[in-house]
Structure formats: structure tokens, C-alpha cells
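Hi everyone, thanks for making time. Let me put the sequence and structure up, and then we can walk through how the pieces pack together.

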Amino acid sequence: MPLVQITTNVFETLSKEQRSTLVKEVTSAVVSIFSKPSSVTCVSLADATVGFGGDTEIPTAFVVMSAIGGLSNENNDKFVKEVTAIFAKHLNVASDRLFINFTDFSGQNWGFRNSILG
């Protein structure tokens, strides 16, 4: 069950349609890169005050990609490249204003469909 949490300071500038497109494209990246089914891929988009070097006005984003397995140097690198391109296109977030964190969890630390996964 992959979870992609996106926090950005440009959320309010996006229409509902643009938010939906962003979620769909990030979901597609997870499915193709990490071989995870879309039916269990969760993408969360949240507005927040996010900044680097104290500057909160320039478009900025922080992403946390969490999954049970599938994370590797090769896959993570592909995901960084894909998400960077998606964010540049839809959010106008430059690569030097985007942090991506990867977390690999065991199934015992995830709950879904009324039970834990491990």
C-alpha cells in the first residue's frame, strides 16, 4: 500500500481539476515505477506554509513516499525524476524547491481494510 503525501504552498492556486490531474499523474508514476496496484495507492495533497531558506513565496513542495517494499535506489531515482517533471509542469515547483523522502515500512505497521497488512 503506497502512500504519497504531498505538501505544497501552491495548493490554493490549483483548481479542483488541476488537483485531480496531479493526483492521477503521481498515482500513475507509483504504479509504473514501483509495480503497485492503483487500487491500493493513496495520494494526499495538502496546503501548508512551506519554504526553503525562509522564503515561503516561491512555489515549494515536500513529498513523502511510503510503501511496503518496492523502494530501491533505482526505483527511487526514477520516481524523483518523474515527480520533479510532474511538479514543474503542474505546480511550477523547480527541482531545487522540492524535497522527496522515502520510507519503507513493514506490513505490521500499516492498517487497511480492517486489519494490519503484516
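So, let's start with helix H1, which lies across E1, E2, E3 and E4 and runs at about 140 degrees to E2. By contact I mean heavy atoms within 4.5 Å. Angles run from 0 to 180 degrees between N-to-C directions, with axes as lines fitted to C-alpha atoms, for helices over the stretch in contact. Helix H2 packs on the sheet as well, where it touches E1, E3 and E4, and its direction makes about 140 degrees with that of E4.

A quick word on where this comes from: it is a predicted model, in which local features need pLDDT of at least 70 and side-chain atom pairs count only at pLDDT 80 or more, while totals for chains, interfaces and linings use all residues. Residues are numbered from 1 along each chain as its sequence is written, and side-chain values use heavy atoms, with hydrogens and water left out. The labels are DSSP runs numbered from the N terminus: helices are H or I with at least four residues, strands are E with at least two.

Now the sheet itself. It is open, with 4 strands in the order E2-E1-E3-E4 and mixed pairing; two strands pair if DSSP finds at least two bridges between them. E2 and E4 (98-104) are the edge strands, each pairing on one side only. From one strand to the next, the twist averages 15 degrees.

Let's look at both neighbours of E1. On one side, E1 (residues 3-8) runs parallel to E2 (residues 42-47), joined by 6 bridges. There, Val4 stands opposite Val43, and Thr7 faces Ala46. The chain gets from E1 to E2 through H1 (residues 16-34), in a right-handed β-α-β crossover, meaning that, with the strands pointing away from the viewer, the path from the first strand over the helix to the second runs clockwise.

Finally, how do H1 and H2 pack against each other? Their angle is about 165 degrees, with the axes 10 Å apart; H2 covers residues 73-91. The two helices are therefore roughly antiparallel, the term for angles over 145 degrees. Among the residues that meet are Leu22, Val26 and Ile33 from H1, and Phe79, Ile86 and Leu91 from H2. Thanks, and over to you!

Definitions and conventions. Angles under 35 degrees count as roughly parallel, over 145 as roughly antiparallel, 65 to 115 as roughly perpendicular and the rest as oblique.
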